[in-house]
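The exercises below concern salt bridges in a predicted model. Work through each task before reading its solution.

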Amino acid sequence: MTTELPKTFDPAEIETRWYQHWETNGQFHPDRPGAERWTIVNPPPNVTGSLHIGHALDNTLQDVLVRHARLKGKDALWVVGTDHAGIATQMVVERQMAEKQQKRTDFTRDEFVAKVWEWKAESGGEITQQLRRLGCSMDWANERFTMDEGFSKAVLKVFVDLYNQGLIYRDKRLVNWDPGLGTAISDLEVETKEVKGSFWQIRYPLADGSGSITVATTRPETMLADMAVAVHPEDERYKAMIGKQVKLPITGRLIPVIADEHADPTLGTGAVKITPGHDFNDFEVGKRAGMKAGEMLNMLDAKAQVTQTADRLIPEDLLGIDRFWARKQVVERLKLGGFLVPHVDKDGNEHDAEPRTIQTPYGDRSGDVIEPWLTDQWYVDAETLAKRPIEAVQSGAIKIVPKSWEKTFFNWMENIQPWCVSRQLWWGHRIPAWFAEDGKIFVALTEEEAQAQAGAGVALKQDPDVLDTWFSSALWPFATMGWPEETDPTLHGRYPNDVLISGFDILFFWDARMMMQGMHFMGQSGTRKLEDSVPFRTLYLHGLVRAADGQKMSKSKGNVVNPLGLIDQYGADALRFFMAAMESQGRDIKMDEKRVEGYRNFATKLWNAARFCQSNGIGASKTLDAPEATLAVNKWIIGETIRTVQAVDLALADYRFDGAANAIYQFAWSRFCDWYLELIKPVASGDERGAIDEETKAVAGWVLDQILVMLHPFMPFVTEELWSKLGKRDYDLIVAKWPIADARAIDPEAGKEIDWLIRLVSEVRSSRTELNVPPGARLAVHLRDASAETQARFERLAPAIARMARIDRAEGEASGGAAQVVVDEATFVLPLEGVIDLTAERTRLTKAIEAASKERDGLAGRLNNPSFVERAKPEAVEKARADHAEKSAEAGRLTAALARLG
């Protein structure tokens, strides 16, 4: 039984209704006993987050794969959850408290954490509703949270086990310190900006009075903690100074001149001040010079205010002031003491410093300048954990797509640094380490276990820090599956996951760390094969979604696109199809709202095609296999359907999302809607409405069903709606059966015949349009040099040709002016005398050719001018190239039209 489709396609109503239906009926929950398991985990978005355009891309690609796997009969699981987002969540709650004139420190730690849980219950997880609007078929019944009880147990076990194995340790090293938040942050949370600054040169006198050495710096305040001056060992200017000492201005500290290749003789003065406690490069230079981290001087506190160094040489009046005020004070004292070397500009004027544009690190959440700060933190021995993932990618146990990312992966993993996993926050997994008064550390799952290790009567205090959120999310592929309580090494067939979809920008922060943790903990028995311990078999890395002009989207530029706004305007299906069709391996996507609109039009075209089918008695197919066909047009469309299934299957197997989307798009739009439905359209005879034969109805219904199934992973809403309205079904489309690509159903001869018909009709239609032939005019056609096979084919297809090209066969030779169309060996001559003014048409075409050629040549001249290509904005050059291609094609098309007139 069919339900008549309304005239207008309304995405909003359909999307809300179908998503509720799927979720309520458990369609996203894997429940296919005996079926092949297929698993993917969603990168958990921050619980504070909202859907951005990058989420729309990432989740669309995942949903395409999940829905495809489900249609292939697999027991498909898409794990969903959110990340507790330590810094972001704590900031949100503290902002709310500030509105009530409250501070975090007004409460105990437990009271504050309770307030965060209250916020999560009331406001957290908005993004999960937005993912539903996108159509994501996630297993919401088992939604996870990185702070839920089960996951938290896994996080603590991993920390304790790694500590006991010597793979987690406490160390004093430099970190990215955010003074605004009062915590260490990861590299991912650091945003580098270009800032107008200054480059000072300072003269450091040698302690023996034999001269001085000049250093250059953008942070003169850090000289209060300088511990050396480095010069290149081969720099002849300074060779004699190596081993001598300089006496620092202001502090009077004696520091050595050391040799280190970090000093570049071609930069600045060639001499570099070394502040190992406040610069990452200097830290490494200090270590090479034999300085221990515990001996390195620290001149700033957690708020980036000047504090006394261990040698107590900083003047008292500088203590407690902000680092930037300290900069001004230090420069002023250096100038008064005659230690500041003035910068002389091109006009001979002296200035305290040379103006420079400086790459400056900022905290992406606090907006404060990040300070390299020497502090005690917890570290993971990433170098050891990286060995097996490197081997896994080298062996192919993990396949990275596109393969071009492998080089970047290896470069980072083979030079990996210790991973700082502690954060100075209250919200998060509190580090399970307890300190005794004598400094001894006891790491255990519970305080009771730690006390047992320490012994009765030993006072213990738990580390106040929490773990980096990347530490917990690195367990996502296996801790979401019941580990460690679940002891089945495959986690009931869910480990390894089949694939991970990720943005390339978190390759190191998340993807690589999942490999490290997964392979370490899921392969600990030593008996598992390498390929069975990996967290996922394939890692697919997509690019960024950029603004239309290719720039990176940012709020400051005002070019951020809201995906929910696009869904409101065009529907989720249109946005999803845009994302998939534009996702080409290794490339970023340029946002193009016109294309999104175009894919909304595609959905509308399919809707109208389904309405045509309904009105002509074409409904749901009763067979999975292709129906029996005797007519060439039906044999042809069956063959085209099979080829499209093959193309989509191959593309998805290779993660060519664009190839799969474009294959189904071209087939549905061009082959099915534009040609097949036109070819089978019933012809009225007098007052009698024509009818479509039963064979064609069966074939058309079958083909439309295959289109809906193939298109469903990309456009789930409109396809499910059409599926439900075309006839009685035993199951929803979301759990239907993927088409069978049976090549035996392809009839090559029928394919040749209909392809010939399409080419002939297309050429005739183009000629009519280019030569301004009135649409309603019927033309005679004379066949020249046509083989017997072509003549017979023309006769067989004459009714379709006459209806679609509006031409009728004429005998004899054509006379007078005529258009000529060549298809294969035959020329089809269309007399135009009396139909159009041939002289006027030749004049029009000649002028049009001249105009198009002139524009084409002008654009070619601009593009051949190196000055234009090098200096113009990239978007201007790109537009010129597109315009040149358009005018070239136009000139060629018009020239061909003129040639047809003879």
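A salt bridge is counted when a side-chain nitrogen of Lys or Arg lies within 4 Å of a carboxyl oxygen of Asp or Glu. By this criterion the structure holds 54 salt bridges.

**Exercise 1.** Determine how Lys 153 and Glu 149 are placed relative to each other in helix 6, and classify the exposure of Lys 153.

Solution.
- The closest N and O atoms of Lys 153 and Glu 149 are 3.8 Å apart, and the two form a salt bridge.
- Both belong to helix 6 (residues 149-164); because they are four residues apart there, about one helical turn separates them.
- Lys 153 has 42% relative accessibility and counts as partly exposed, whereas Glu 149, at 61%, is exposed.

**Exercise 2.** Find which helices are tied together by Glu 640 and Arg 671, and classify the exposure of each residue.

Solution.
- A salt bridge joins the two side chains, with an N to O distance of 3.3 Å.
- Glu 640 is in helix 20 (residues 632-653) and Arg 671 in helix 21 (residues 657-680), so the pair ties together parts 31 residues apart in sequence.
- Glu 640 is buried at 13% relative accessibility; Arg 671, at 23%, is partly exposed.

**Exercise 3.** Decide whether Glu 753 is buried or exposed, and do likewise for Arg 793.

Solution.
- Glu 753 and Arg 793 form a salt bridge, their closest N and O atoms lying 3.8 Å apart.
- The pair links helix 24 (residues 748-770), which holds Glu 753, to helix 25 (residues 788-796), which holds Arg 793, across 40 residues.
- The cut-off for buried is under 20% relative accessible area. Glu 753, at 11%, is therefore buried, and so is Arg 793, at 9%.

Terms used:
Residues are numbered from 1 along each chain as its sequence is written. This is a predicted model: local features need pLDDT of at least 70, side-chain atom pairs count only at pLDDT 80 or more; totals for chains, interfaces and linings use all residues. Side-chain values use heavy atoms; hydrogens and water are left out. Helices (H or I, at least four residues) and strands (E, at least two) are DSSP runs, numbered from the N terminus. Buried means under 20% relative accessible area, exposed over 50%, partly exposed in between (1.4 Å probe, protein chains only).
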